[in-house]
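Please open the model in your viewer and keep the selection tool at hand. The stops below move from a single side chain to the whole chain and back again.

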Amino acid sequence: MRNGTVLLLLAAMVLAGAACLTAPGTGSAIAATLVATDSGAPSAIVMFPVSAKPNPKGSAMAPTVFNHLNHEKAVDKCETCHHTGDPVACSTCHTVEGKAEGKFITLERAMHATSIQGRKGQTPTSCVSCHEQQTKARRECAGCHSIVTSKRDTAWCATCHNVTSSMTEQQRKAGIDGTLSREQNEILAAETVQAQKFSRMLTPMDGPYKVSIDALAKKYQPSNFTHRRHVSSLMEGIRGDKLAGAFHNRPEILCATCHHHSPLSATPPKCGSCHTKNIDSEHPDRPNLKAAYHLQCMGCHKGMQVGRPKNTDCTTCHKARP
């Protein structure tokens, strides 16, 4: 009898321990591991494609975790995103179908559009428009982003639509119809934020020290491109930057700035692999080799506001032949 009592007590202790693991307070503890915001808003939340319909087509959009803490530090005022002055969820006015409160601007458009006319002549900032503005305004970003356009493919979308937490189908549906509790939402968001890992960037030492560009060397001597110096200049601006770290999610992405339209690789093919000395009749829209070099180099220099060399100063890059 005594042994049976002991076994019952042990079983009760195990059940009590399991109950603690699934208790409401445990989830709060997970969310509390994130640094608190100054405004009192959640450090991170899951944004769902909220809809008034039971199974709307637009709800197939994958939820996204919005890191409120990082964004709060990056903007001067809450109205940058909460453009009405009322700090409520975006889906309060913008749903999958659109609502009168939000001038029937859908959630997808509110988050991705680059130009939306808002109330009283305002132009509200969407996620995509704000990110694009950053890449153009910041000198260290503008060099690359002035000559290349982000490929909006599945990988690009997955940078934000990346909920990796233990979300159940029931929770997803509750999020879509707007009934998921704030506590459960914050727990799911915290799990995803904690699981995020930024990719290791390639270093300048991973590439060549100099590259001799001699395919067109007739009037001028070959141009010795200081590859390592240029990569170092680009790396200085994005190292440690969270926006760059999120979207530069492959080590070789930095290489794709100049070596565009090539498979991502730390050893990409030469420019002459695609660009010929003369215009290719089969690809008349493709610049010839000379134009390709100058569009890339001058475009980057212009974007980064590099004063020297001037575009008309040929001999800075190409020494004249004797």
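Is C144 buried or exposed? Select C144 in this predicted model, and you will find that it is buried, with a relative accessible area of 9%.

Next, select C81, which is partly exposed, with a relative accessible area of 38%. For C81 the closest cysteine sulfur belongs to C130, and the 6.4 Å between the two sulfurs is again too far for a bond. A disulfide is counted where two cysteine sulfur atoms lie within 2.5 Å, and the structure holds 0 of them.

Zoom out to the whole protein and colour by secondary structure, which comes to 13 helices and 4 strands. Of the 322 residues, 28% count as buried, and if you display the accessible surface, about 21,100 Å² in total, 58% of that surface belongs to carbon and sulfur atoms. Among the contacts with a separation of 6 or more, 57% are between residues 24 or more positions apart.

For the last stop, select strand β2, residues 64–67, in which N67 lies. N67 counts as buried, because its relative accessibility is 16% and the cut-off for buried is under 20%. Follow the side chain of N67 to the backbone nitrogen of N70, which it reaches at 3.1 Å. Then show S43, A44 and V193, with which N67 is in contact when its neighbours within four places in sequence are left aside.

Methods: Residues numbered from 1 in each chain as written. Predicted model: local features only at pLDDT ≥ 70, side-chain atom pairs only at ≥ 80, totals over all residues. Heavy atoms only, no water. Helix = DSSP H or I, 4+ residues; strand = E, 2+ residues; numbered from the N terminus. Buried < 20%, exposed > 50% of the residue type's maximum accessible area, 1.4 Å probe, protein only. Contact = heavy atoms within 4.5 Å. Areas by Shrake-Rupley, 256 points an atom, 1.4 Å probe, with all protein chains shown as cover. Polar contact = N/O pair within 3.5 Å; in protein donor to acceptor, adjacent residues only side chain to side chain.
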